[in-house]
Amino acid sequence: MLIGTVIVLSVIFGALGTSVIYEGYDETVGDIVTQTSAVRSLLSPDGIRFMVTSPVANFLGFTGVGVILVAMIGVGLAEESGLIATLVRKLVAAAPRSIFTFMIVMVGVLSSIAADAGYLVLVPLAAAAFHSMGRHPLAGLAAGFSGVAAVFLVNVFITPVDALLVEVTNDSIRTVNPNAEITVVGNLFFMIASSIVMGIICTVLTERFIEPRLGPYDGGLPVEASTGLTEAEQRGLKYAGRALLVFVVVLGALTAPPAPWGILRNQETGGIMAGSPFMSGLIVLISLLFLIIGYAYGRGAGTIANMTAGIGLVVKTWSNLAGMIFLLFVIANFIAFFNFTNLATVLAVNLANFLQTLPISGITYIVLFVLVVAIIDIILTGALAKWAILAPVFVPLFMRLGGDPDYVLAAYRVGDSPMNVITPLNVYLAVMVGFAQKYQKDAGIGTVVALMLPYTVTLLVVWTLLLVVWYALGLPLGPA
C-alpha cells in the first residue's frame with residue numbers, strides 16, 4: 001500500500017515538474033553547496049528500470065537486514081541456550097519493582113551511545129522481563145522501544161552522532177559568521193535534563209496508560225513459574241561469567257592502550273568513540289560477546305552438548321526470523337523507491353522555505369521548527385541526512401534573528417526523536433514487529449504504531465514545553 005501510494009504521488013508531482021533548489025550540506029565535500037532535487041516518477045522509463053533492477057540490491061544494502069542477522073547469531077544462541085531467560089529471572093528477582101520500568105527506559109536512552117545495539121538487545125529483553133513478571137510483554141517492548149528510539153538524540157554522555165551534528169551546524173554558522181562555532185558539549189545540560197525528564201515521562205506513560213490499556217496478557221505464551229535457579233543454571237552462569245571476563249580482558253587489551261597498540265582505537269585521532277573500529281564494529285562485538293557467553297552458559301547448564309548443537313541453535317534462531325526478513329524486504333524496497341522519487345527532499349525544503357518566510361521570532365520560531373522537524377521525520381528518518389538539509393536554512397536564519405545556534409540544534413533533537421517510534425521508514429520498525437509477534441501472533445506494523453503513538457504525542461508536547469521554558473528563562477544549554 002505504501003509503495004503504491006509513493007508511485008501515484010511520484011507520477012503526479014513528476015508530471016507537474018516539481019523541483020527545489022536549496023543550500024545543503026554535502027558530506028563528500030564537507031561544506032554547504034547549492035543542490036537541486038526534482039521529483040522523479042517511478043513510472044517513467046528510469047523509474048520502471050529502477051523498480052525492476054534494484055530490489056535485490058535494495059534488500060542486501062538495507063541496514064536492518066545485515067545488523068539483525070549478525071546480531072542474532074550471538075543473541076539468538078544466548079536465548080536458545082537459556083542464558084537470556086536465566087538472566088531475566090535473576091534481574092527480575094534483584095531489581096526493585098517500583099523503579100524497574102524506569103530502569104528499562106533509561107538503559108534504552110543510554111543505549112544510543114552504542115548505535116543500534118539497544119534495538120536488538122534491550123527491547124526483546126524488556127519484553128521478556130515484563131512477561132516473566134506477569135506483566136504484559138508488549139508494555140515492556142513499548143518501554144524499551146521508547147527509551148531507545150523516542151529519546152534517541154539526547155543522552156547523558158556525548159555520542160558519535162553529536163559530533164556529526166555539530167560539524168554540519170558549524171558549517172552552517174560560517175555562512176553568517178566565519179569566526180563563530182559551537183562545541184560538541186553545547187547542548188549537554190539540556191541533553192542530560194531531557195534524558196531524565198523524558199525517561200520519567202515514558203515510565204509514567206507505560207505504567208499508567210499503556211499497560212492498563214493492554215490489560216492482562218492472554219497471548220498464549222505461558223508465564224514460567226517464578227522459582228530459584230537450579231544447580232545447572234547456577235553452573236551455567238558461572239561458566240558465562242568466566243567467559244565474559246575473558247572477553248572483557250581481550251577487548252580491553254585491543255582497545256585500552258593508546259594508538260597504535262590499541263588496534264580498535266581510531267588510528268588517526270587515538271579516540272575510542274568517533275570513527276574507531278571499536279564503534280564501527282560494535283554490533284559484531286556485541287554478537288560475539290553473546291555468542292561466547294551463550295555457548296559457555298549452554299555447556300555449563302547442559303543445554304548445549306557440543307559445537308554442532310550450538311550451530312543448530314543459531315540456525316533455529318534464523319529460521320524464526322523468516323517473517324521478519326520478508327517484512328524487511330518489503331520495507332527496504334519501499335524506502336528505496338521513496339528515496340528515488342526525491343519526494344522527501346522536496347517536501348522538506350518547501351516546509352523549510354515556508355517557515356523561513358513567516359514573520360516570527362523567538363519562542364514561536366522554536367516551536368514551529370520543532371513541528372516542522374517532526375513532520376519531516378515521518379518521511380526522512382536519518383538524523384544526519386535531515387539536518388544536512390535543514391541546518392543551512394534554519395541556523396543562519398535564527399542567527400540573523402539574534403538567536404543562539406545551539407537552540408536550533410536543541411530544537412532539532414526535540415522534533416526528531418519522538419517520531420522515530422511511529423514512522424514506517426524507521427528501519428527497525430519491522431524488527432519491533434518481529435519481537436511483538438513472539439507474544440502476539442497477529443501483531444503488525446499497525447499494532448506497534450498504535451502502541452507507540454501516545455509516547456510520540458506526549459513527548460512532543462512536554463519536550464517542546466521544556467525547551468520553551470529553558471529558552472524563556474535564559475538557561476545555558478551547555479558549558480560555555
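Contact is taken here to mean heavy atoms within 4.5 Å. On this basis, in the predicted model, Leu-83, Ile-84 and Thr-86 of helix H5 meet Phe-290, Ile-293, Gly-294 and Tyr-297 of helix H13. The residues of this contact divide into five nonpolar and two polar, with no charged residue. Helix H5 spans residues 83-94 and helix H13 residues 282-301, and their axes come within 9 Å and cross at roughly 90 degrees. Angles of 65 to 115 degrees count as roughly perpendicular, and H5 and H13 are therefore roughly perpendicular to each other.

On the H17 side, the contact involves Gly-362, Ile-363, Ile-366, Val-367, Val-370 and Ala-374. These residues meet Leu-460, Thr-464, Leu-467, Val-468, Tyr-471 and Ala-472 of H21. By class, the residues of the contact between H17 and H21 comprise 10 nonpolar, two polar and no charged. Helix H21 also contains Val-461, which is partly exposed, with a relative accessible area of 47%. The C-alpha atoms of Val-461 and Tyr-217 are separated by 30 Å, the two residues being 244 residues apart along the chain.

Aromatic pairs were examined next. A pair of aromatic rings is described by the distance of the centres and the angle of the planes. The structure holds 14 aromatic pairs. In the pair of Phe-50 and Phe-340, the ring centres lie 4.6 Å apart and the planes stand at 20 degrees, so the pair is stacked. Phe-50 belongs to helix H2 (residues 45-53) and Phe-340 to helix H15 (residues 322-341), so the pair ties together parts that are 290 residues apart in sequence. Elsewhere, ring pairs link Tyr-365, Phe-369, Phe-394 and Phe-398 into a cluster.

Phe-369 is also among the contacts of Trp-387, a residue placed in helix H18 (residues 383-400). Trp-387 is buried, with a relative accessible area of 0%. When neighbours within four places in sequence are left aside, the contacts of Trp-387 are Leu-165, Val-168, Thr-169, Phe-369, Pro-392, Val-395, Val-408, Leu-409 and Tyr-412. The C-alpha atoms of Trp-387 and Leu-291 are separated by 37 Å, the two residues being 96 residues apart along the chain.

Two features of the backbone complete the description. Most residues other than glycine have a negative phi, and most peptide bonds are trans. The peptide bond from Ala-259 to Pro-260, by contrast, is cis, with omega near 5 degrees. Pro-260 lies in the loop between helix H11 (231-255) and helix H12 (277-280). Asn-342, a residue other than glycine, has a positive phi, near 65 degrees. Asn-342 is found in the loop between H15 and helix H16 (343-357).

Note on methods. Residues are numbered from 1 along each chain as its sequence is written. This is a predicted model: local features need pLDDT of at least 70, side-chain atom pairs count only at pLDDT 80 or more; totals for chains, interfaces and linings use all residues. Side-chain values use heavy atoms; hydrogens and water are left out. Helices (H or I, at least four residues) and strands (E, at least two) are DSSP runs, numbered from the N terminus. Ala, Val, Leu, Ile, Met, Phe, Trp, Tyr, Cys and Pro count as nonpolar, Asp, Glu, Lys and Arg as charged, and the others, Gly among them, as polar. Rings of Phe, Tyr and Trp (its six-membered ring) pair if their centres lie within 6.5 Å; planes under 30 degrees apart count as stacked, over 60 as edge-to-face and the rest as tilted. Axes are lines fitted to C-alpha atoms, for helices over the stretch in contact, and angles run from 0 to 180 degrees between N-to-C directions. Angles under 35 degrees count as roughly parallel, over 145 as roughly antiparallel, 65 to 115 as roughly perpendicular and the rest as oblique. Buried means under 20% relative accessible area, exposed over 50%, partly exposed in between (1.4 Å probe, protein chains only).
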